[in-house]
Amino acid sequence: MKLCTLLTILLLPCLVAAQSADNELVNVKELIPDIVLDLKYSTTDNFLHQKLYTTNECLLAQGLVKRLKVVQDSLRVRGLGMKIFDGYRPRAVQYLMFEIFPDPTYVADPASGSNHNRGGAVDLTLVNLATGEELPMPTPFDYFGDAASHGWTIGLSAEQIANRELLLGMMENVGGLTRYAAEWWHYQHAPSLANPLMDFQMK
Ligand SMILES: [Zn+2]
């Protein structure tokens, strides 16, 4: 047997195990203790004006959280950090959202599911780590309109554009995550999208 064949046979279970561990949902705060959570769907401060989650826990695929940790480490040296608005989202909540706001540009059709239902997408912004204050961005979270899209400049200040671009550069260049064109706050992690659509409430 060739050495490389033997190595493949021996290492394959380890590689598969590492991959499946990366797809498991984990508590973000446990891996990144200084990340700020402001889970809008755990409150009534959201476009549905309803509390949709039973806890303030934020779960995401471990592979995605590892990438976020790299981003947070890079931001911290600038006195900045991340604030998460949403992570894993039960599919039942996706049905409710789509029933009330059936625009697939902003709310994924629950029939095909959202990457939030896979724990593979995160909604977030930047904060001053010392004060917790959000950096000015083009729009509030869940603003459903053109001004939320990447590349939009009309009516925006140079500071709002620079902050959006800083977040984009950190997430894509440092974190290896990918943007969603219509929402400056939404990023996803391609390997985590292999996860099934899930529908359990956080406890
Ligand atoms: Zn999102």
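Val 122 stands opposite Tyr 187 in strand β7, where strands are DSSP runs of E with at least two residues and helices are DSSP runs of H or I with at least four, both numbered from the N terminus. This is a predicted model, in which local features need pLDDT of at least 70 and side-chain atom pairs count only at pLDDT 80 or more, while totals for chains, interfaces and linings use all residues. Residues are numbered from 1 along each chain as its sequence is written, and side-chain values use heavy atoms, with hydrogens and water left out.

The strands β5 and β7 run antiparallel and are joined by three bridges; two strands are said to pair if DSSP finds at least two bridges between them. Strands of a sheet pair through backbone hydrogen bonds, either parallel or antiparallel.

Strand β6 (residues 178-180) is also antiparallel to β7, again with three bridges, and a hairpin joins β6 to β7 through two residues. Here Tyr 180 has Glu 183 in β7 as its bridge partner.

Taken as a whole, the sheet is open and has five strands in the order β2-β4-β5-β7-β6, with mixed pairing. Because β2 (36-37) and β6 stand at the edges with a single partner strand each, one side of each is left without a neighbour in the sheet. Helix α5 packs on this sheet, touching β4, β5, β6 and β7, and its direction makes about 125° with that of β5; such angles run from 0 to 180 degrees between N-to-C directions, with axes being lines fitted to C-alpha atoms, for helices over the stretch in contact.

Which residues of β7 are buried? Six of the six residues of this strand (residues 183-188) are buried, so β7 is largely enclosed by the rest of the structure. Buried means under 20% relative accessible area, exposed over 50%, and partly exposed in between (1.4 Å probe, protein chains only).

His 150 lies in the loop between β5 (121-128) and α5 (158-174), and it counts as buried because its relative accessibility is 16%. Leaving aside neighbours within four places in sequence, the residues in contact with His 150 (heavy atoms within 4.5 Å) include Arg 164, Tyr 180, Glu 183 and Tyr 187.

Helix α3, finally, lies across β4 (80-86) and β5, running at about 145° to β4. Its buried residues include Leu 64, Val 65, Leu 68, Val 71 and Leu 75.
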